[in-house]
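User: I am new to this structure and would like a close look at a single part of it. Please take me through the aromatic pairs and the core around them.

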Amino acid sequence: MFYPRALAQLVTITPGDPVAINSATNLMNGLGVTWTLTPQASGRVLMFLSGNLVENAATQTASLRLAYGTGVAPANAAASAGTLVGGVLSWITLASQLTIPFSMSTIVSGLTVKTAYWFDIASNSSAGTIQMTNLNAWA
């Protein structure tokens, strides 16, 4: 089996479910407290996150976006922090309670070798609360 050099170092986590968020602006989900990596050989990292998104309001729009940074990782429901990367995943619910499976990934390059980085997700909701559950992440 062939393993590319970019995956020579792997960190996986299965965090607990973050507290539900109710904000029209991006808030962090606190995953960076445990989802960390210090690149040793390359400044290029593949981020991957999967789980379920639970929305609780009809005609609610929810958005998710991956983020990373250095220093102290933001707590759950903290203001948006770090660098937002990759595409934005967005949903509009038509029912009052909906659970949506999702996965997202992106490649981040230009990181400094031997510098600790945290990884997280920024999320927002147009109405009601959203919560991510059953998360699995790796970098």
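**Aromatic pairs and the nonpolar core**

Analyst: In this predicted model, Phe119 is buried, with a relative accessible area of 0%. Trp35 is likewise buried, and its relative accessible area is 0%. These two residues form one of the 4 aromatic pairs that the structure holds, with 5.7 Å from centre to centre and 45 degrees between the planes, which makes the pair tilted. Because Trp35 lies in the loop between strand E2 (27-29) and strand E3 (36-37), while Phe119 belongs to strand E9 (residues 117-125), the pair ties together parts that are 84 residues apart in sequence.

Tyr68 and Tyr117 make another tilted pair, at 6.1 Å centre to centre and with 55 degrees between the planes. Tyr68 sits in strand E5 (residues 61-69) and Tyr117 in strand E9, so this pair joins parts that are 49 residues apart in sequence; both tyrosines are buried.

Turning to the core, the largest nonpolar one has 27 residues, and Trp35 and Phe119 are among those with the most contacts inside it, together with Met47, Leu49, Leu53, Leu64 and Phe102. At least two residues of this core come from each of strand E4 (45-55), E5, strand E7 (83-92), strand E8 (98-108), E9 and strand E10 (130-138). Leaving aside residues up to four places away in sequence, Trp35 touches a set of residues including Ile13, Met47, Leu49, Leu66, Tyr117, Phe119 and Trp138. A second, separate core of 5 residues includes Met28, Ala67, Ala73 and Ala122.

Notes
Residues are numbered from 1 along each chain as its sequence is written. This is a predicted model: local features need pLDDT of at least 70, side-chain atom pairs count only at pLDDT 80 or more; totals for chains, interfaces and linings use all residues. Side-chain values use heavy atoms; hydrogens and water are left out. Rings of Phe, Tyr and Trp (its six-membered ring) pair if their centres lie within 6.5 Å; planes under 30 degrees apart count as stacked, over 60 as edge-to-face and the rest as tilted. Helices (H or I, at least four residues) and strands (E, at least two) are DSSP runs, numbered from the N terminus. Buried means under 20% relative accessible area, exposed over 50%, partly exposed in between (1.4 Å probe, protein chains only). A nonpolar core is a set of buried Ala, Val, Leu, Ile, Met, Phe, Trp, Tyr and Cys residues joined through side-chain atoms within 4.5 Å. Contact means heavy atoms within 4.5 Å.
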